[in-house]
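Dear colleague,

Please find below the structure that I am passing on to you, together with its sequence. My findings follow directly after it.

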Amino acid sequence: MSDTPALLPVDEARARILGLCTPLPTEWVPGDDALGRALAEDVRARRTLPPWDNSAMDGYAVRARDLAGPLPVRLTVGETVFAGRRPTREVVPGTCARIMTGAPLPPGADAVVMRERTRAVPDAPDAVEILEAVVPGNFIRPRGEDAKEGDVLLRRGTPLGIPELGLLWAQGQGTVPVPRRPRVAVLSTGDELCRVDEPPGDGIVDVNAPALALAVRRAGGVPTLLGIARDTREAVQEALSRVEGFDVVLTSAGVSVGDHDFVKDALEALGVEQRFWRVAIKPGKPLVVGQRGHTLFMGLPGNPTSSLVTFELFVRPALRRLQGLEDVEPPRVSGRLDGRLSKAPGLAHFVRVTATWRAGELWAKPLGTQTSGALRSAAAATHLLHFPYDSSSLTDGSHVELLPLSWVA
């Protein structure tokens with residue numbers, strides 16, 4: 001019997017990885033550095049907003065009951081109230097106030113009539129004719145509509161988008177508590193590799209490390225390139241011994257069963273506890289995950305597209321969870337297959353596709369090559385199509401699950 005461990009289903013592998021991830025320590029950062037990150041604690045409103053009833057339109061502040069009779073109704077204009085100024089007169093029966101959007105509602109008024117539903121009175125410049133009846137509250141933004149002092153404004157774990165940051169800025173909060181960004185070490189392995197600025201000779205340029213570093217940055221992490229380790233146990237172990245202080249360590253290549261695949265052995269020698277090895281997917285089966293202390297080690301396959309796909313399915317969710325985000329599963333949308341696909345059961349395939357809208361549905365066309373070393377199809381892809389492990393064929397027009405790619409420009 002083989003001692004090779006059974007292949008883990010994709011969802012179970014991701015769940016195990018996320019189970020190793022807890023939000024990193026909190027730091028306070030300026031709001032513009034918090035975009036896309038998660039709140040590390042509940043935030044309560046410091047101010048009631050708006051601080052007073054105010055007008056949602058340019059128009060006239062009125063007493064709604066003054067408009068109950070036959071229309072039009074002529075009212076005397078007592079004053080004009082601009083945004084940023086306080087009213088000085090009460091609206092009494094038979095009067096109104098000209099008011100601008102955002103201006104405080106004068107006392108006595110309970111509604112606003114938009115300017116377009118009024119008419120000037122040529123022979124009475126201090127009067128206006130109201131052309132429609134309104135109910136109390138018409139075009140009024142009430143005090144505390146957006147926030148009341150002391151209320152929980154945003155909960156811990158809330159992703160901070162532009163509106164959320166706007167809420168905080170409106171409260172006078174210029175800095176935000178968020179888990180710090182994950183520090184990620186990126187190491188490539190392989191005798192055949194050279195840097196992009198070196199002549200390749202008989203080798204190939206290392207694409208994985210810089211590509212993974214960009215993916216880390218896009219996922220909110222802070223990448224550090226460790227260079228290229230040659231294909232010896234000693235070289236890989238020496239490179240991996242220099243990862244103190246990192247939250248995540250990513251390697252590419254050296255995790256399969258070849259004679260020069262030393263990453264697993266090097267991790268073991270350094271005291272990294274292996275959590276699992278190999279996932280039931282294509283591309284990306286030889287994925288190894290381990291942990292030492294609070295540092296997560298993830299050995300990705302060496303083929304460039306395999307490396308990117310496994311990052312998308314496993315590393316990106318982990319980096320997001322470390323940043324306190326709760327909904328970290330890869331997003332999924334429904335679509336239809338434009339073409340046919342077939343495979344043997346047993347592995348879930350993640351097929352690179354280009355998806356376009358037709359007649360209100362998203363149609364996914366598989367790209368010409370699906371080999372794991374081909375970056376050209378990764379560059380053309382907009383989504384990954386999930387071809388389930390227990391399926392052997394998908395027919396033209398089949399309903400399919402699509403994963404939008406974070407690496408798309």
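Val186 stands opposite Leu225, a residue of strand β16. The strand β13, which spans residues 183-189, runs parallel to β16 and is joined to it by six bridges. Please note that this is a predicted model.

These strands belong to an open sheet of six strands with mixed pairing, in the order β16-β13-β17-β21-β20-β18. The edges are formed by β16 (222-229) and β18 (273-277); each has a single partner strand, so one side of each is left without a neighbour in the sheet. On average, and with direction ignored, neighbouring strands of the sheet are turned by 20° against each other.

Helix α3 (residues 208-218) lies across β13, β16, β17 (248-252) and β21 (295-300), and runs at about 165° to β16. Helix α4 (residues 233-240) also packs on the sheet, where it touches β13, β16 and β17. The direction of α4 makes about 160° with that of β16.

Within β17, I would draw your attention to Ser252. Its relative accessible area is 1%, so Ser252 is buried, the cut-off being under 20%. The side chain of Ser252 makes a polar contact with the side chain of Asn208, at 3.5 Å.

Just after α6, Gly324 takes a positive phi of about 90°.

A separate point concerns Pro106, which is placed in the loop between β6 (95-99) and β7 (111-114). With a relative accessibility of 1%, Pro106 counts as buried. Neighbours within four places in sequence aside, Pro106 is in contact with Ala61, Val81, Pro87, Arg89, Val91, Ala97 and Ile99. The C-alpha atoms of Pro106 and Ser55 are 9.8 Å apart in space, while the two residues are 51 residues apart in sequence.

With kind regards

Methods. Residues are numbered from 1 along each chain as its sequence is written. This is a predicted model: local features need pLDDT of at least 70, side-chain atom pairs count only at pLDDT 80 or more; totals for chains, interfaces and linings use all residues. Side-chain values use heavy atoms; hydrogens and water are left out. Helices (H or I, at least four residues) and strands (E, at least two) are DSSP runs, numbered from the N terminus. Buried means under 20% relative accessible area, exposed over 50%, partly exposed in between (1.4 Å probe, protein chains only). Contact means heavy atoms within 4.5 Å. Two strands pair if DSSP finds at least two bridges between them. Axes are lines fitted to C-alpha atoms, for helices over the stretch in contact, and angles run from 0 to 180 degrees between N-to-C directions. A polar contact is a pair of N or O atoms within 3.5 Å; within protein, one must be able to donate a hydrogen and the other to accept it, and residues adjacent in sequence count only if both atoms are side-chain atoms.
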